[in-house]
Amino acid sequence: MTAATTVKTTSVEEANRRKLKQALVAYSFIAPNFIGFAIFTLGPIILAMIMAFMEWDGSNPWKFVGIQNFVTIFSDDRFLASLKNTVIYSIFTVPLTLMIALGLAILLNQKIKGRNFFRTVTFFPYVASLVAVAAVWNMLFTPAKGGVINQLLLNLFHIPALKWAASPKTVLMTIIMFSIWKNMGYYMVIYLAGLQNINTELYEAAGLDGANVWQKFKYVTVPQLKPTTFFVIIMLTINCFKVYDIVYMLAGGSNGVINKSAIVLVYYIYEEAFRNWNLGIASAGSLVLFAIVLAITIIQFSGEKNYAND
Amino acid sequence: MKSKSTNETIGKTLVYTVLIVFAAIMLIPFIWMITASLKFNKDIFVIPYQWFGYEPQWRNYLDIWTKIPLLTFTKNTVKLTLIVTFFQLLTSSFAAYAFAKLRFRGRDFLFLAYVATIAIPWQSYMVPQFLFMRRLGLADTHLSIIILQAFTAFGVFMMRQFYEGIPDSLCEAARIDGMSEYQIYLSIMLPLSKPALSTLTIFTFVNTWNDFLGPLIYLTSESKKTLQIGLKMFISQYSAEYGLIMAASCISLIPVVIVFLMLQKYFVAGIASSGVKG
């Protein structure tokens, strides 16, 4: 009886010790990444939330000001303009990029000659450095009458010279076009991966039922790609709200200052923080950005849940 | 029967036309970049544009090295990119192994914390992060950029999704054979995860090489600046030196092109199997 209890306790102890050892091994795997991540990502995220309610210029002591920073930014013309421009930019960029990426992915998922060449070419602008390709764009889309694109439009469609990024009327359009051109390839590859996961038997079955190309697209491809599309929409929208460098390259003057016709949310944060040292104001702007992205993510997740319940 | 094959021919022609037009839109800026990099400034905006049949000005490719400290910028960028990519692959695959193949308390909670931060844009906490780094004396150091890029949640997430697809029985068998978890990671998991590692390499390499906002905020002294910042500086200073700007731009693209072409065969497979697409 006593012997049996001892055996039992030792085996329990043994099991516990094994569990502990296992856990320690697991933590040792995670630690290198997690320590860096916790200190330099989680910490600043928490700090950002505190700073949004403080007044601070970077050197004098902090001062708690409640929601004053939010009152200030929501009555600041530049902040409101940045919010408006970011939303307009997203509204056009998200659906256009998505449609073109999906269309190209479908074409490039077929057995055609030179498929790899076309895939590489489409993906290439995404990996190319932004500063370099933006420099090319600025030269191609120069507001001058003799610009390559202006000449092309005049010769092909008799459209008079446009001012592109130099005019408040067309600057956002130019940025949107560039953004689609630059990033489309990434989403094309994601759709391509999604298409390759679709069971080909579904298409065969649809073919036997007499479905044409359009019907196959509508009743097989689109529903099967739904999870991919959710992912693409959320990534695209978040990336649109994070936009900064594209605007800086195309619309920033030689000193990098962006005026009200093209200012975006992240530029506003950057300017308030690193040019004006209004750190509380910048953090309040950051929190607005965070809230928007969070809202988009929550909508996405509840959408996905609905889809799963279908 | 005949009409079907005609239809098919028309369909194929249409597909190719669309693809060729798209390929042209994607490629022409790059071809323009290369041709312009070999021209005198005065010849670049001549109408109609000369795509070929002109005397190439290789001088542009020599002059840029003396006009700006391009060599320093390139060295800095190569150094940062290699270090960041190495640490990113190492720490991400290491952590991902535990999340995918080991059982321990708090695993799901920790993983959720990782995934949640993927959706938080860096731009929304870049300000406190900078102040924190400045406090640690890391402002204007290369270490700050390495820290900034080397521990991303995205890398862990991607690698973990890939490892989930590798059967657990493989690890079990190795454990019975007496292998430690570290050995299993090193000799079984790593060799199997080439597609995922290649995909992560492309993403990390490209992101670090092309990063603009990070170095813009952190690096202030010229000797520490990266290629992107240097290039932008050059463009602002010599905005009329079109040929030189294009030559410097071409040079800044070369490493990314090499890495991309080397690893791209794994690329679609890597994305498909690691579930980056969700």
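This is a predicted model: local features need pLDDT of at least 70, side-chain atom pairs count only at pLDDT 80 or more; totals for chains, interfaces and linings use all residues.
Student: Which residues of α8(A) and α9(A) meet?

Tutor: From α8(A) come A:Leu202, A:Tyr203 and A:Ala206, and they meet A:Gln215, A:Lys216, A:Tyr219, A:Val220 and A:Gln224 of α9(A). When the residues of this contact of α8(A) with α9(A) are sorted by class, five are nonpolar, two are polar and one is charged.

Student: How do α4 and α8 of chain B cross, and at roughly what angle?

Tutor: Helix α4 of chain B, residues 70-101, and helix α8 of chain B, residues 153-164, have axes that come within 8 Å and cross at roughly 50°. That makes α4(B) oblique to α8(B), and the crossing of α4(B) and α8(B) is right-handed. On the side of α4(B) the residues in the contact include B:Gln88, B:Ser92, B:Tyr97 and B:Phe99, while on the side of α8(B) they include B:Met159, B:Arg160 and B:Tyr163. By class, this contact of α4(B) with α8(B) has eight nonpolar, four polar and three charged residues.

Student: Into which domains is chain B divided?

Tutor: Chain B is divided into domain 1, which covers 2-59, and domain 2, which covers 60-274. The C-alpha centres of domain 1 of chain B and domain 2 of chain B lie 33 Å apart, and the contact between these domains takes twelve residues from domain 1 of chain B and twelve residues from domain 2 of chain B. On the side of domain 1 of chain B that touches domain 2 of chain B, the elements giving two or more residues are α1 (2-37) and α2 (41-44) of chain B. The largest share of that side, four residues, comes from α1(B), and the residues of that side of domain 1 of chain B divide into seven nonpolar, three polar and two charged.

Student: How many residues of chain B are in contact with chain A?

Tutor: The size of an interface is often given as the accessible area lost when the parts come together. Here the description is by residues in contact: 68 residues of chain B are in contact with 72 residues of chain A. On the side of chain B that touches chain A, the largest share, ten residues, comes from α1(B), and by class this side of chain B has 49 nonpolar, 14 polar and five charged residues.

Student: Is A:Phe124 buried or exposed?

Tutor: A residue counts as buried if 20 or more other C-beta atoms lie within 10 Å of its own. A:Phe124 lies in helix α4 of chain A, residues 115-127, and with 21 other C-beta atoms within 10 Å, A:Phe124 is buried. Leaving aside the neighbours within four places in sequence, A:Phe124 is in contact with A:Gly185 and B:Met26.

Student: What is the class of A:Ser167, buried, exposed or partly exposed?

Tutor: A:Ser167 is found in the loop between α6 (148-157) and α7 (171-196) of chain A, and A:Ser167 counts as partly exposed, with 13 C-beta neighbours inside 10 Å. From C-alpha to C-alpha, A:Ser167 and A:Ala81 are 16 Å apart in space, while they are 86 residues apart in sequence.

Student: What is the phi of A:Trp277, and what is that of B:Asp140?

Tutor: Most residues other than glycine have a negative phi. A:Trp277, a residue other than glycine, has a positive phi near 55°, and B:Asp140, which is not a glycine either, has a positive phi of about 60°. A:Trp277 lies in the loop between α12 (265-275) and α13 (279-309) of chain A, and with 13 other C-beta atoms within 10 Å, A:Trp277 is partly exposed. B:Asp140 has its place in the loop between α6 (126-135) and α7 (142-150) of chain B, and B:Asp140 counts as partly exposed, with 14 C-beta neighbours inside 10 Å.

Definitions and conventions
Residues are numbered from 1 along each chain as its sequence is written. Chains are lettered from A and ligands numbered from 1 in the order in which they are written. A residue is buried if 20 or more other C-beta atoms lie within 10 Å of its own, exposed if 12 or fewer, and partly exposed in between; C-beta atoms are placed from the backbone. Two residues are in contact if their C-beta atoms, placed from the backbone, lie within 7 Å. Ala, Val, Leu, Ile, Met, Phe, Trp, Tyr, Cys and Pro count as nonpolar, Asp, Glu, Lys and Arg as charged, and the others, Gly among them, as polar. Domain bounds come from an automatic or database domain assignment. Axes are lines fitted to C-alpha atoms, for helices over the stretch in contact, and angles run from 0 to 180 degrees between N-to-C directions. Angles under 35 degrees count as roughly parallel, over 145 as roughly antiparallel, 65 to 115 as roughly perpendicular and the rest as oblique. A crossing is left-handed if the near helix is turned anticlockwise from the far one by less than a right angle, and right-handed if clockwise.
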